[in-house]
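Here is a friendly walk through one structure, from a single side chain to the packing around it. Have the model open as you read.

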Amino acid sequence: MLFREESSFFSTMIGVIRVVSAPFFSSGQQVEGETAALAAVEAKRKHIGAMGKAISAMRAETNHGVVGMDADRDFHAAIVESTGNTVLIETVQRFWDSRLSPLYTRLGDHFETVESWRRAIAEHEEVYAAIKAHDPNAARSAMHNHLDKSHSRFSASWRRAKAS
């Protein structure tokens with residue numbers, strides 16, 4: 001009986017997470033895709049340097065078996081800060097603040113792995129390369145790709161948890 005109750009609880013939680021996370025991912029993709037495109041036009045050397053530093057920090061943390069959430073946030077912050085647009089900066093910060101809620105943090109601790117972060121780092125490198133090349137279309141596309149894959153990884157985690 002306890003297993004059935006736990007299974008029901010996890011199924012309910014997975015449903016709640018899907019509803020709560022859907023706006024984060026869809027809104028984030030729209031806003032951050034356009035932010036990346038704008039960054040490709042507006043980014044200065046210091047912003048591009050901050051993006052590269054954040055990717056290096058993510059890589060170093062992952063090589064030590066740590067998921068680099070702070071460095072990930074730093075990467076996205078460097079992108080949006082390069083736009084100089086206060087409304088975009090505050091919007092993206094709020095996306096990140098909601099992602100760092102206790103629920104998301106607990107889920108991330110459970111579902112995010114070093115291997116999934118290695119894939120995410122490669123996606124960040126694609127965004128970074130497009131911004132560094134000052135190619136707004138490629139930057140937008142790379143950010144959309146990254147956020148699509150991020151959502152797919154997160155959704156796959158729910159499906160695995162539900163099947164367990």
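Buried means under 20% relative accessible area, exposed over 50%, and partly exposed in between (1.4 Å probe, protein chains only). This is a predicted model, where local features need pLDDT of at least 70, side-chain atom pairs count only at pLDDT 80 or more, and totals for chains, interfaces and linings use all residues. Residues are numbered from 1 along each chain as its sequence is written, and side-chain values use heavy atoms, with hydrogens and water left out.

Histidine 47 has a relative accessible area of 13%, so it is buried. Histidine 47 sits in helix H2 (residues 45–63); helices are DSSP runs (H or I, at least four residues), numbered from the N terminus.

| Residue | Contacts |
|---|---|
| Histidine 47 | Ala78, Glu81, Ser82 |
| Valine 127 | Phe75, Ile79, Ala142, Met143 |

Valine 127 also belongs to the largest nonpolar core, which has 29 residues. Such a core is a set of buried Ala, Val, Leu, Ile, Met, Phe, Trp, Tyr and Cys residues joined through side-chain atoms within 4.5 Å. Val127 is among those with the most contacts inside it, alongside Met51, Met58, Phe75, Ile79 and Ile131. Helix H6 gives the largest share of this core, 7 residues.

How do H2 and H6 meet? Residues of H2 including Met51 and Met58 meet residues of H6 (residues 114–132) including Trp117 and Ile131.

Definitions and conventions: Helix = DSSP H or I, 4+ residues; strand = E, 2+ residues; numbered from the N terminus. Contact = heavy atoms within 4.5 Å. Axes fitted to C-alpha atoms, helices over the stretch in contact; angles between N-to-C directions. Lists of a residue's contacts leave out its neighbours within four places in sequence.
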